[in-house]
Amino acid sequence: MSDQGVRYRLFYDQNDYRLLEIVNKILARGKNPTLLRRLFEPGLHPRGIKGLAAPKSLRIASAMIDLLGTFDYGSAGERITALRAARAESLHDSSQTHRMNMARVLMQIMKEIVRAKGDEPKQLALAHDFREASSGKPRLIRKQLRKYHLLEMPESWNQLAFDHHVHDANTKGRKSPTHLIMDAWIKGIRFLGVIYYNEIKPEVAAELLEAANIMGIDVRIGVEVKARLRNKYVQLIWSPRGFLGREDFLHFLEEPEVQAFFMQGRAVVEYEKLHILKLLQSFNDNHLPAINEKFGLDVPQLEEKAFLNSVGHGQASLVHLAEYAHRTLLPYLKQKVERLSENYGTASRADRDRIHALVESLNELTPETLVEDYLRPEKNPTVWDPKRPAEGDDVPEMLTLDPAAMLDKLGRLPCRSRITLNPSNLSPSDVLEVLYTGKGRITHLEIFNLKDWAQGRTKHRRLINDIRLVINSGNVVEAKRMVREILASLEKDSSDTGAIDKTRAILKDLKTLLGFYSASRLRSRLGSDSIGHSRHTRGMGLVITPSLPRRARREIRREPERMLPVTTMAIREVRTVCGGSAPVREFRVRRDLAAEVLTHESRAKEITWSVGHNSTTLADTGNIASLGGKSEQTNNGLSLLQSATEAPKLRLSMIHLNSGVMNAAKIFIGFIPAFLTFYLTKDWWLLAYFGAVIWFGITGLRNILQSVVGGGGLFRSSLLEWKDLVSWGRVADSLLFTGFSVPLLDFLVKDLLLARSFNITTATNPLLLYTVIALANGIYISSHNTYRGLPLGAIVGNFFRTILSIPVALGLNFVILWLITSYGVSSEVALAGMQLWAAVISKTASDFVAAIIEGTADRQRNLAHRKADYEEKLTQVYDVYGRLETTFPDDEVLTLLENPKDVFEQLREKDPGLFRDIVIDALDLLCFWMYQPRARIALKQQMAQMSSEEKQFLLCSQQVLKRKKVISEMLLNGLVGKRFEKALAFYLSNADRYLQQFEKLAGQQ
């Protein structure tokens, strides 16, 4: 094997290479194979039978490939299924303390793996990061959050994170509705407003709402329309509301009045599309030749058909045109830089400076630069300005309406609604006029737009916000003063007599204006106006910082540019919930009735956050921050130093060491200080040479035993080997830190501090000796727990465990001393020996207590996981029960199931989908029983809460596993995908034994 091959194997795991190979095969096809997509079925539990057919990393990667696919390479249904699968796979993992944040990291990393297609070294590093993050270690999770500019969110998922103004690929954005929702969830957003232009397509709304439902995001859909106000357009966002749910909203979109309104909106879309095509032609005729001449390029003209194809399902916009032009230019820019690189080495100093300046100019030719330098209206005088109302028969009817007429039109639609005024291009007098003519129908004012703020378009924002505050106050004196100031400014700086006359009219009718909002206040909206990616502005998402964890707030203080000039009152409420956050529920299924009964009551604290009424306003110092990170590349990334055609190189780093090598390195690093301490300070050969081995043996054995016992011990499934229950990374971490405790406890504390300084030994004061050693050990453990990012509860618990170890250490000391002296050894010699072993005894006592406490914690953690698994799966089983009742309306299902063979044969013909679900549920429960730690105890606890009918149905439904020929055929035909061999062998080998054990358990209930 070559040296390079050895190095690569030292730095990555075999699973990393395997994941990369499979992912790239799928990416090369452009689409997931049908058999692999079978793994996305909602009924298949992430810890169930499909875990034997494909590893979790591959399942998440496959889901991401479908999810990130464009409209051309996948359907909405495929994206929705992929999103559901990606979320389920990411959330079902070993970490309880950082479950939500770990899922966000896993989805983000897998996104990056899919996006890095063609850069295998980068993909390999990301695959390794994914596997490391899957361990759930808090420090690793937080490191990855920082890497991707993600803020840590509370695990209770109660943060006030929102964005009232974003776009998807159906307008000018870059992401499908499903992709947009996934990214919003990864950022931590819980409330989202998605804005469309002039119309809503029902199929788009259906995808968006279903994706939001899966991810638990409260989404609101808005339609932005324009209304004519003299020489400009007013932007109004109409948000229908008051629906019973997703289906009710979709039905509303099909109403004739709504469809007629959208038909008029589509005429506006076509009109604006025509403007963009005219602008494309102007760019070809007037600007592209100048660009070619200026930079020495030979870029062909932009093609209209290719541009429209690049827009896809979206609405042609200035953003689309700039990006298409940039994509067309970029290959020619790279070729130019390559040619310049070839000449750079032999060029004179003056020529080098010229080349540098040229490359810098090429680097800055970004989409944003193209817009500002070539696509603005003043650069294209032959093309009409879309921001200024035009006259003529070709202007769509909706663009001829003034704000009052547009509001009348929206008011005639069959729904309640909220209407937001976006004052992006308006002056304070314009805002005042629109609010007055709107007669209270405008319910919200967008007081902050992140894109406008980043681009410096904030001239009137503060005064516009003051208009809202004064109107809400109802104070006529303040309103009069404000309107007079606006009028004076108009008379001084503007020649718009219409605006001046209207403002004067408002001044004379202030009582009416204030009356519009006396009963219902004018509320605020804040948004990013994000389209998916920007080189100069942060992405979507805003968060009220008091609702974030302490670490996230500290992260924001380190990055003050995240803070926005907006403040609000955040109200924290702590409630005591009777029944707990996850009550045990019993589903008593009858023929036509399902009743949900709370079987026992517990208490839990629930923390919620809300925003104070009318408290959001602009301020110099705010408490709202941006969730998005800035782009790391603000230019085209062109460089003279590296050829664009140079193949990516494998990036080797210590953090990407092979996991076995990494664990060995951790143990070795910890062993060095331990060995040196014993070797240099002990005369007795046993301690000098084997003291470190004994010390490590105590800690290693404790970690292994607590993991095995926590996973079931001697009563675990025969398929679970003890090695499967042990986290070797956790053992290595423990040994690393315990190694550094040897010089601290044995040399510094026991010898230097206690024995030499204060003459405290096992002979003079054993109680004080073991107390001080235990306290020092507790402080040390708490310190490295804090460094590793463990939860506060674990840090405090580990400190107090050392306190509990003091009486255990004294007991061990007494027993050992008694045993030594009982064999005739003198007290002086015995006490001298005990002093040598004092730190080891204290360590043994501490690990003994830790084994009990942490072993119990491991047991409870496994039981909590199994409880969640069974609750989820049993809900699906009860759903099947209900569907069976409706499939056989004239029969008693439980009576029919007394002869399960006949029922299942009928079901295969009558409802194959239902039979398939029964098989999947049974296989998943079989997998839980045989492979998941503490599954049997958890199921026993669940069955204790079941009714007799539920137990009977559960037992009867498992009898389907006896249909070995049928189930084998289903597995062979791709029930769990292409790699069915392991799942099939597992089923055939264990089904009969499982049914016997399950029937025995059911008989005990």
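The side chains of arginine 174 and glutamate 323 form a salt bridge, with an N to O distance of 1.6 Å. A salt bridge here is a side-chain nitrogen of Lys or Arg within 4 Å of a carboxyl oxygen of Asp or Glu. The model is predicted: local features need pLDDT of at least 70, side-chain atom pairs count only at pLDDT 80 or more, and totals for chains, interfaces and linings use all residues. Residues are numbered from 1 along each chain as its sequence is written, and side-chain values use heavy atoms, without hydrogens and water.

The pair of arginine 174 and glutamate 323 joins distant parts of the chain, 149 residues apart. Arginine 174 lies in the loop between strand S1 (161–166) and helix H9 (177–187), and glutamate 323 in helix H14 (residues 318–344). Helices (H or I, at least four residues) and strands (E, at least two) are DSSP runs, numbered from the N terminus. Arginine 174 is partly exposed at 35% relative accessibility. Glutamate 323 is buried at 14%. Buried means under 20% relative accessible area, exposed over 50%, and partly exposed in between (1.4 Å probe, protein chains only).

In total, the structure holds 58 salt bridges. Aspartate 13 is buried, at 9% relative accessible area. Arginine 131 is partly exposed, at 23%.

Glutamate 854 bridges to arginine 702, the closest N and O atoms being 3.3 Å apart. Helix H31 (residues 838–887) carries glutamate 854, and helix H26 (residues 685–710) carries arginine 702, 152 residues away. Both residues are buried. They belong to a salt-bridge network that also includes Arg730, Arg801, Lys843, Asp847, Asp858 and Arg861.

Helix packing was examined for H4 (residues 56–67) and H6 (residues 99–115), whose axes lie 9 Å apart at an angle of about 65°. Axes are lines fitted to C-alpha atoms, for helices over the stretch in contact, and angles run from 0 to 180 degrees between N-to-C directions. H4 and H6 are therefore roughly perpendicular, a class that spans 65 to 115 degrees. In H4, Lys56, Ser57, Ile60, Ala61, Met64 and Ile65 contact Leu106, Met107, Met110, Lys111 and Val114 of H6, contact meaning heavy atoms within 4.5 Å.

Methods
Parallel < 35°, antiparallel > 145°, perpendicular 65-115°, else oblique.
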